[in-house]
Amino acid sequence: MSEVSDIIAANAAFYTAFAAGDFAALAALWADQETISCIHPGWPAIVGRMSVIGSWREILNNPARPQIVCAEPYAIVDGDHGRVICIELVDGAPLAATNYFRHIDGAWRLVHHQSSAIAQFAAGADDPTEHGRSIH
């Protein structure tokens, strides 16, 4: 397998573990380091293994946990660092997500996850900068 396909597989394992509610599998995908971080939609930044993993335990234990599907994963690998940029379909609503990985002891481990809402422009708007909006 190439590095790109390996990191895509690690990313898929993350979403599979989440969908199954498998906390142990999800926790095992994260690096065992205090420098890991996560930003859930609408949450402040979370730093540190205990806090990050605890946030995932809280989400997985919530009976109203959303269904999340990863779409359009795109991997960028640079040495022992890589990231997967994708669309998360959360109960059908799209979020932009980035999962950062580090190659540790022969495996890709998560070191940061962030997802956030995708700005929606009004249909038919010719100028996206109108009303203070800009495209980066």
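Which residue forms a salt bridge with Arg-49, and how far apart are the closest N and O atoms?

**Basis.** I worked from a predicted model, in which local features need pLDDT of at least 70, side-chain atom pairs count only at pLDDT 80 or more, and totals for chains, interfaces and linings use all residues. Residues are numbered from 1 along each chain as its sequence is written, and side-chain values use heavy atoms, with hydrogens and water left out.

**Entry 1: salt bridge.** I looked for salt bridges (a side-chain nitrogen of Lys or Arg within 4 Å of a carboxyl oxygen of Asp or Glu). The search of the whole structure returned one. The partner of Arg-49 is Asp-32, with the closest N and O atoms 3.3 Å apart. Arg-49 belongs to helix α3 (residues 49–61) and Asp-32 to the loop between α2 (23–28) and β1 (37–39), so the pair ties together parts that are 17 residues apart in sequence. Helices (H or I, at least four residues) and strands (E, at least two) are DSSP runs, numbered from the N terminus. I then checked accessibility, where buried means under 20% relative accessible area, exposed over 50%, and partly exposed in between (1.4 Å probe, protein chains only). Arg-49 is buried at 19%, whereas Asp-32 is exposed at 68%.

**Entry 2: cysteines.** I looked for disulfides (pairs of cysteine sulfur atoms within 2.5 Å) and found zero. Cys-86 is in no disulfide, and the nearest cysteine sulfur, that of Cys-70, lies 3.6 Å away. Cys-86 counts as buried because its relative accessibility is 3%. Cys-38 is buried as well, at 0%.

**Entry 3: hairpin.** I looked up the pairing of β3 (residues 68–78) with β4 (residues 81–90); the two strands are antiparallel, over nine bridges. Strands count as paired if DSSP finds at least two bridges between them. Two residues separate β3 and β4 in this hairpin, and Gly-79 in the turn has a positive phi of about 70°. Asp-78 stands opposite His-81 in β4.

**Entry 4: largest pocket.** I looked up pockets (on a 1 Å grid over the protein atoms alone, open sets of points where a 1.4 Å probe fits, with protein on both sides within 12 Å along at least five of seven lines; lining residues have an atom within 4 Å of a point). The largest pocket holds about 230 Å³ of space. It is lined by 16 residues, the closest to its centre being His-40, Pro-41, Ile-59, Pro-66 and Ile-68. The elements giving two or more residues to this lining are α3, β4 and β6 (107–117).

Methods
Grid points are joined across faces, edges and corners, and a volume is the space filled by probe spheres set on the points.
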